[in-house]
Amino acid sequence: MKAIIRIVEQAKKKPACIVLCEAEDPRVLQAAYRVTQEGIASIILVGNKSNVLRIAAEQFISLESMVVIDPKTSPLRESFSQCLFNLRSEKGMTLETAKQEVLKPLCFSNLMVRKGMADGSVSGAVHTTGDVVKNAIQIIGTKPDCKLVSSFFLMMLCQPFHHLKGGMIFSDCGLVVDPNAKQLADIALSASDSARGLLMEEPKVAMLSFSTNGSAKHTAVDKVVAASQIVQAKCPNLAIDDDVQLDAAIVAEIADKKVPGSKVKGQSNVLIFPNLEAGNIGYKLAERVGGAVAIGPLLQGLAKPANDLSRGCNTDDIYHVIAVTVVQAQQSEIVKKRAPELTIT
């Protein structure tokens, strides 16, 4: 079974409440309708209510089973303003500024996640990655054991011509520009958790480099090796290769020659890139030349799920990211309730 199908089926087992702040985009409405009809998630749409209802009618999309909230008229506005002020006052935010920020759907949606009114959020069809990530970090915050928010792509290799089959995690390909050894270790640990939760497999991690098993000497290689050692100290049972070239990471015959004694044995399902430059190039090569399907960028390290979309995304992309967000919420054990009982008027 394809990894994304497993994710969708897993999401259906315990649907979560997902808030979408770009409800005036037809692509978002179409995806919201689809996941609702398939029992993947209950949906809260945040935006200008009259615009949302008009666009839905134009697209022949029924919102009957969804909740639409307009921040400008919501009774939650005052309590959310106070919450945001409490979170950001030490950074210089005034209550008046908080009241203005809460009117923005992106901010309002993440406050719903923080307050437990939604299990996760998805945005980025309209907003930039920078805005999505900054807002999520400031409002939702990071996991207690993680100081770094990073990103990953779920790469799907399911075509007949693919030598490798199934899903892989590529990280970090969209956020952390030049991680140091500790940050790179955090990325690897988070990506390993993402593999367990989404691929539903034990992670086999390749710390990618232009060196394999010490074949080259350079400070860039030293960083990758140091990061791997940090990971191994924290997770001694994790299958991980220190510094490894891509071919040795994914081809068993090459791994046998270059990395004797490897626990990964050329069967990596998690590829950790040494910096954003390599990661961005790597995932786009796999997508555009290798024919892989790239789902993401998805965020890891947050206290609760808040995922990003490409502004060039289509309805299928949004549908898949919503399903991923539901499974992330399940893994975090935060799925407790459905959308609040609000009526569409």
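Reader: At what angle do the axes of helix 6 and helix 7 cross?

Author: The axes of helix 6 (residues 105-114) and helix 7 (residues 129-139) come within 10 Å. Axes are lines fitted to C-alpha atoms, for helices over the stretch in contact, with angles from 0 to 180 degrees between N-to-C directions. Helices are DSSP runs (H or I, at least four residues), and so are strands (E, at least two), numbered from the N terminus. The two axes cross at roughly 40°.

Reader: Which atoms do side-chain values use?

Author: This model is predicted: local features need pLDDT of at least 70, side-chain atom pairs count only at pLDDT 80 or more, and totals for chains, interfaces and linings use all residues. Residues are numbered from 1 along each chain as its sequence is written; hydrogens and water are left out, and side-chain values use heavy atoms.

Reader: Is the crossing of helix 6 and helix 7 left-handed or right-handed?

Author: Look at how the near helix is turned from the far one: anticlockwise by less than a right angle is left-handed, clockwise is right-handed. For helix 6 and helix 7, the crossing is right-handed.

Reader: Which residues of helix 6 and helix 7 make the contact?

Author: Contact means heavy atoms within 4.5 Å. From helix 6 come Leu106, Cys107, Asn110, Leu111 and Arg114. Helix 7 answers with Asp131, Val132, Asn135, Ala136 and Ile139.

Reader: How do the residues of that contact divide?

Author: Ala, Val, Leu, Ile, Met, Phe, Trp, Tyr, Cys and Pro count as nonpolar; Asp, Glu, Lys and Arg are charged; the others, Gly among them, are polar. By that rule, the contact of helix 6 with helix 7 has 6 nonpolar, 2 polar and 2 charged residues.

Reader: How many residues of helix 6 are buried?

Author: Buried means under 20% relative accessible area, exposed over 50%, and partly exposed in between (1.4 Å probe, protein chains only). In helix 6, Leu106, Cys107, Phe108, Ser109, Asn110, Leu111, Met112 and Val113 are buried. The helix is largely enclosed by the rest of the structure, because the buried count is 8 of the 10 residues.

Reader: Which element gives the most to the lining of the largest pocket?

Author: A pocket is an open set of points on a 1 Å grid over the protein atoms alone, where a 1.4 Å probe fits, with protein on both sides within 12 Å along at least five of seven lines; lining residues have an atom within 4 Å of a point. The largest pocket has 26 lining residues, with Glu287, Val293, Ala294, Ile295 and Asp317 nearest its centre. Strand 5 (150-157), helix 12 (276-288), strand 10 (293-300) and helix 13 (315-331) each supply at least two. With 5 residues, the top contributor is strand 10.

Reader: What is the volume of the second largest pocket?

Author: Grid points are joined across faces, edges and corners, and a volume is the space filled by probe spheres set on the points. For the largest pocket that gives about 570 Å³. For the second largest pocket it gives about 490 Å³.

Reader: Which residues lie closest to the centre of the second largest pocket?

Author: This pocket is lined by 24 residues. By class, they are 18 nonpolar, 5 polar and 1 charged, and helix 12 gives the most, with 5 residues. Closest to the centre are Leu208, Leu246, Leu271, Phe273 and Gly282.

Reader: Is histidine 320 buried or exposed?

Author: Histidine 320 also needs placing: the residue lies in helix 13. Histidine 320 touches Ile4 and Ile295, not counting residues up to four places away in sequence. With a relative accessible area of 18%, histidine 320 is buried.

Reader: Which residue does a cis peptide bond join to glycine 296?

Author: Most peptide bonds are trans. At glycine 296, a cis bond has omega of about 10°, and the partner is proline 297.

Reader: What is the phi of lysine 265?

Author: Most residues other than glycine have a negative phi. Lysine 265 sits in the loop between helix 11 (252-258) and strand 9 (270-272). Lysine 265 is not a glycine, yet its phi is positive, about 60°.
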